[in-house]
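Welcome! Take a moment to look over the model below, and then we can walk through some of its details together.

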Amino acid sequence: MAGAVRMRTDINSTLRTQLRTSAATTARTGEPDREVVAELRASGLLGIGVPVEYGGTGGTAADVNRVVEEIASVNASLAIIAFQHFAVCARITEWGTPEQRARLLPALADGTWLAASAWSEPGAGAAKRHLSSTGVRRHDGSWQLDGAKSFTTGAGLADLYLVLVRTGPAPTDSGGYGATGQTFFLVTADNPGIRPRLGLDLIGMRGSATGLVGLERCAVPDADRLGATDGAQQVIAQVRESGATLGAVSVGIAQAALDIAVCHANRHDLLTVPMFRHRLTELATHLESARALVDRAGARTAPNPGLTTLYSKLYASSAAEEICLDVARLLGSAGYQAGEGLTRLLADARGVALMGPTNDLCRELAAASWEH
């Protein structure tokens, strides 16, 4: 089936094989593969979104989306780790002080440091409006962070965490993502007050090192505050404006599922069957629709780029689940075998729908754009 497998150029064949093998292994063990993470660090891919003056390649959001998609097509867990790294790099580039950029971005660009986001926590809600973790300014101007964060991808692997805490009065419900009175801090993994640990037995994304991050009397200098005090909501509001989208992960997952179907069809001479050929064509069209929306988000050509980023995440994650399910139906009992990888892909696809902003929150944020 010509065109079913998209041309990929960014990941060399050796790393691609390592990523694919690791995906199958971590799906069984539920443990992150530190060796393949080290290979990803050394690959040069992690600097794609960092400006050239800080040692990166100066790629656009479209470049980031393409690399994330390609990683996800062989290992969705590592794609999520990479996506979070790219996201933190972008926040530092956009909101960091000149000193922060000069100090942090070169190490993030060459893979010496890996970055992770610690935003979620129990009871905060999908929109992160009701944080229990706190940041209190001390007499010397530094800050003390206390609390617990959950669902942090790259927990225990990252060298730098972008931590969201409450620093101001309890907010009123603004209906947006994040809330007033919240602040971001950049906390290094060697800080004795930050304690990442695994312990979340996920159904999908089992190699993503998604776990918990404890903050206990975590002392952070004011120089490591990102953005204005109580100004995190403004930072969060600009995240989707960049065009980098989790929809790229979903497109990679869907591509992997379609590739399985095409290989199965060739192996069993099913491409001679019109029904099978036509169904594969429908799935490929569905996939290309999702990819086109992700590409549009990355290109930032829409009248409202942030809204398009929301649509891309919502549509692509839903499409990936549907494509994985349809491929499983096409393969029948063959698709129910663990070696085919479809069960893992479906679980990974579902995981993207639950990542922030969750699909339900995407719907709410998109609908809010019509209110006057």
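A residue counts as exposed when its relative accessible area is over 50%, and as buried when that area is under 20%. Asp-201 has a relative accessible area of 66%, so Asp-201 is exposed. Please keep in mind that this is a predicted model.

Asp-201 also has a charged partner: Arg-206 forms a salt bridge with Asp-201. A search of the whole structure finds 17 salt bridges, and here are three of them.

| Salt bridge | Closest N and O atoms |
|---|---|
| Lys-149 with Glu-121 | 2.7 Å |
| Asp-222 with Arg-137 | 3.7 Å |
| Arg-206 with Asp-201 | 2.8 Å |

Asp-222 sits in the loop between strands S7 and S8 while Arg-137 belongs to strand S2, so this pair ties together parts that are 85 residues apart in sequence. Asp-222 is partly exposed at 26%, and Arg-137 is partly exposed at 42%. By contrast, Lys-149 is buried, with a relative accessible area of 1%, and Glu-121 is buried at 6%.

Which aromatic rings pair up? The structure holds two aromatic pairs. In one of them, the ring centres of Trp-119 and Phe-184 are 5.0 Å apart and the planes stand at 45°, so the pair is tilted. Phe-184 is buried, with a relative accessible area of 0%, and Trp-119 is buried at 14%.

Finally, look at helix H8, residues 274–299. Its 26 residues should span 38 Å at 1.5 Å a residue, and the end C-alpha atoms are 37 Å apart, which agrees. Its buried residues include Phe-276, Leu-280 and Val-294, and helices H3, H7 and H9 are among what covers the buried residues of H8. Just after H8, Arg-300 takes a positive phi of about 55°.

How values were computed:
Residues are numbered from 1 along each chain as its sequence is written. This is a predicted model: local features need pLDDT of at least 70, side-chain atom pairs count only at pLDDT 80 or more; totals for chains, interfaces and linings use all residues. Side-chain values use heavy atoms; hydrogens and water are left out. Helices (H or I, at least four residues) and strands (E, at least two) are DSSP runs, numbered from the N terminus. The expected span of a helix is 1.5 Å times one less than its number of residues. Buried means under 20% relative accessible area, exposed over 50%, partly exposed in between (1.4 Å probe, protein chains only). Contact means heavy atoms within 4.5 Å. Rings of Phe, Tyr and Trp (its six-membered ring) pair if their centres lie within 6.5 Å; planes under 30 degrees apart count as stacked, over 60 as edge-to-face and the rest as tilted. A salt bridge is a side-chain nitrogen of Lys or Arg within 4 Å of a carboxyl oxygen of Asp or Glu.
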